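Hi everyone, thanks for making the time. I'd like to walk you through one structure today, so please have a look at the sequence and the model before I start talking.

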Amino acid sequence: MGCGKPDIGKLQSRADDINNHAKAWWAGADHAEAIAQLREVLACSGRGCTTIDSIPDSAKPCSVYDEKCSSPLRWEGKFSYASTATEVFLLEYANSMPERQVGWGRVAPPNPLAKAHLSKMLELHEFYFGKTLRERYVAQIEGSNLVREIQATLNRQTAGCQRAPLEYKFVGLVGHDTNLATVGSLLGLRWKFVPPALPAQDALPGGALVFELRRIAGTDYVRAVYVTQNPAQIRAAQNDALRLTVGCYGMNGRYHPVCVMPLRDFNEIVRRVVATEFLSACVDGKQVCPRPPTAARIKRGKKP
């Protein structure tokens, strides 16, 4: 909605952290194997080739949403390129492209002889998300409205901007992996793949966070699960899916490996994590950005 004005100082501190540590992250041991495999796929050599290692990293806050700044925190450079490239390889594989075309035939799968493994390289994609979209303040800017929408649906609210009739048993909100990252970050959701063939919290194509509303002994509970297909299932156009257990933090601050809580606790957690300054308002059946109070209105004693 573009509501609210981000605190540039808070965003700048996150940008400074990236600018100060990006070189060390790239040269460090944590991502060395994934980076080496990505170099193997890109196979950049010879005159006129710009290697990924030569791309400078630069992060800065964005105060105004536009085509160049589609996120409150813009990070360009090696990790941004690595995040995009590895996701492209995933999409090529999932879209049933021939073996010789997925990463120029240098990615396993589908090429079992390739030295570079898709699951390992995707760690770079998740790391990039972790330093941008999953940062708490960035997630509040990007995800507060969506988290509130999920809460309103679970509570069967009937305000003027209600999106689904009360008799509906299923409501789907269609978005992107970026939405899953921000919502998951705000609510502290964690999921992993067993066996660990993919990075934890990976948002695969077509995957969905599911919030189930259950009534047990007269009390409403919310359970979160992650439903998806692994890349091999997507490539083969199979009809089955994976239902992954999601963990989360409860009201007491403890981590619960199975995310189930009373609806009232879920509502309180949402109240704590949502940043109200970025929320839209419902006016005449439409979502709009609230007008900030003007000096004249305040002087006349009217409520903002």
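**Charges, cysteines and core**

Let's start with a charged pair: Arg14 and Glu135 make a salt bridge, and their closest N and O atoms are 3.7 Å apart. By salt bridge I mean a side-chain nitrogen of Lys or Arg within 4 Å of a carboxyl oxygen of Asp or Glu. Arg14 sits in helix α1 and Glu135 in the loop between α4 and α5, so this pair ties together parts that are 121 residues apart in sequence. Helices here are DSSP runs of H or I with at least four residues, strands are runs of E with at least two, and both are numbered from the N terminus.

Before I go further, some housekeeping. This is a predicted model, where local features need pLDDT of at least 70 and side-chain atom pairs count only at pLDDT 80 or more, while totals for chains, interfaces and linings use all residues. Residues are numbered from 1 along each chain as its sequence is written, and side-chain values use heavy atoms, with hydrogens and water left out.

Back to our pair. Arg14 is partly exposed, at 22% relative accessible area, and Glu135 is partly exposed too, at 21%. For these labels, buried is under 20% relative accessible area, exposed is over 50%, and partly exposed is in between, using a 1.4 Å probe and protein chains only.

How many salt bridges does the rule give? The count comes to 13. One of them joins Glu149 and Arg163, at 2.7 Å from N to O. Glu149 belongs to helix α5 and Arg163 to the loop between α5 and α6, so the parts being tied together are 14 residues apart in sequence. Glu149 counts as buried at 15%, whereas Arg163 is exposed at 54%. Asp220 and Arg215 also meet in a salt bridge, with 2.7 Å between N and O. Here Asp220 is partly exposed at 21% and Arg215 is exposed at 63%. There is a network as well: salt bridges link Glu33, Lys120 and Glu123.

Now the cysteines. A search of the whole structure turns up four disulfides, a disulfide being a pair of cysteine sulfur atoms within 2.5 Å. I'll show you three.

Cys3 is joined to Cys289, S to S 2.1 Å. This pair links distant parts of the chain, 286 residues apart: Cys3 is in the segment before α1 (8-27), and Cys289 is in the loop between β12 (286-288) and α9 (295-299). The link is left-handed, with -90° about the S-S bond. Cys3 is buried at 8%, while Cys289 is partly exposed at 32%.

Next come Cys161 and Cys282, with their sulfur atoms 2.2 Å apart. The torsion about this S-S bond is about 95°, so the disulfide is right-handed. Cys161 is buried at 14%, and Cys282 is partly exposed at 36%.

Cys248 and Cys259 are both buried.

Let's turn to packing. In soluble globular proteins, nonpolar side chains tend to be buried together. In this model, the largest nonpolar core has 69 residues, and those with the most contacts inside it are Leu187, Leu189, Phe211, Tyr226 and Phe266. Such a core is a set of buried Ala, Val, Leu, Ile, Met, Phe, Trp, Tyr and Cys residues joined through side-chain atoms within 4.5 Å.

What is Phe266 in contact with, leaving aside neighbours within four places in sequence? Its partners are Ile150, Gln151, Leu154, Leu187, Phe211, Val222 and Met261, where contact means heavy atoms within 4.5 Å.

Not counting residues up to four places away in sequence, Phe193 touches several residues, including Leu198, Pro199, Tyr226 and Leu244.

Last stop, helix α2 (residues 32-42), whose buried residues are Ala34, Ile35, Gln37, Leu38, Val41 and Leu42. They cover an arc of only 160° around the axis, which puts them on the same side of α2; the arc is that of the directions from the helix axis to the C-beta atoms. Among the elements covering these buried residues are α1, α3 (78-94) and α4 (118-131). Just after α2, Ala43 takes a positive phi of about 45°.
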